[in-house]
Amino acid sequence: MSAALKYTLGRIGLFVAVLAGLWLIDMNVFVKLMLALVFSAALSFFLLRGWRDEMAGEMADATERRRAEKERLRSALAGEDQNRPADPPTDPSR
């Protein structure tokens, strides 16, 4: 399971858990939703730190892979690719 999916499901789970706890309190539904959002965000900052760091690492790795591939493609398009096979010989009679 990817780290982004784990972190997202963790955030949603925390939100639902906090909302379930607030559901017992008699107040406006909109206020309950806002409080659940704020409290779950604060809790996730501390409780889901490992998953957040793991997700950030995966995103950094993916960014570096894309950057390297982009650079490789640019150099290949510019004719600087060292792994490119030599051009076939041309026929001088043409």
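Start by selecting Arg11: leaving aside neighbours within four places in sequence, this residue is in contact (heavy atoms within 4.5 Å) with Ala41, Ser44 and Leu48. Arg11 is found in helix H1. Helices here are DSSP runs of H or I with at least four residues, strands are runs of E with at least two, and both are numbered from the N terminus. Arg11 counts as partly exposed because its relative accessibility is 29%. The scale is this: buried means under 20% relative accessible area, exposed over 50%, and partly exposed in between, with a 1.4 Å probe and protein chains only.

A word on the model. This is a predicted model, where local features need pLDDT of at least 70 and side-chain atom pairs count only at pLDDT 80 or more, while totals for chains, interfaces and linings use all residues. Residues are numbered from 1 along each chain as its sequence is written, and side-chain values use heavy atoms, with hydrogens and water left out.

Zoom out to the whole chain. It has 3 helices and 0 strands. From the N terminus on, the order is α-α-α. Of the 94 residues in the chain, 17% are buried. Among contacts with a separation of 6 or more, 58% join residues 24 or more positions apart.

Next, select H1 (residues 3-23) and H2 (residues 29-47). Their axes come within 8 Å and cross at roughly 135°. Axes are lines fitted to C-alpha atoms, for helices over the stretch in contact, and angles run from 0 to 180 degrees between N-to-C directions. That angle makes H1 oblique to H2. Angles under 35 degrees count as roughly parallel, over 145 as roughly antiparallel, 65 to 115 as roughly perpendicular, and the rest as oblique.

Show the side chains in this contact. On H1, the residues include Tyr7, Leu14, Phe15 and Trp23; on H2, they include Val29, Phe39, Ser44 and Leu47. The contact of H1 with H2 divides into 16 nonpolar, 2 polar and 2 charged residues. Ala, Val, Leu, Ile, Met, Phe, Trp, Tyr, Cys and Pro count as nonpolar, Asp, Glu, Lys and Arg as charged, and the others, Gly among them, as polar.

H1 and H3 pack at an angle of about 145°, with their axes 8 Å apart. Ala3, Ala4, Lys6, Tyr7 and Gly10 in H1 meet Trp51, Arg52, Glu54, Met55 and Glu58 in H3. This contact divides into 5 nonpolar, 1 polar and 4 charged residues.

Last stop: Leu48. Not counting residues up to four places away in sequence, Leu48 touches Tyr7, Gly10, Arg11, Leu14 and Leu43.
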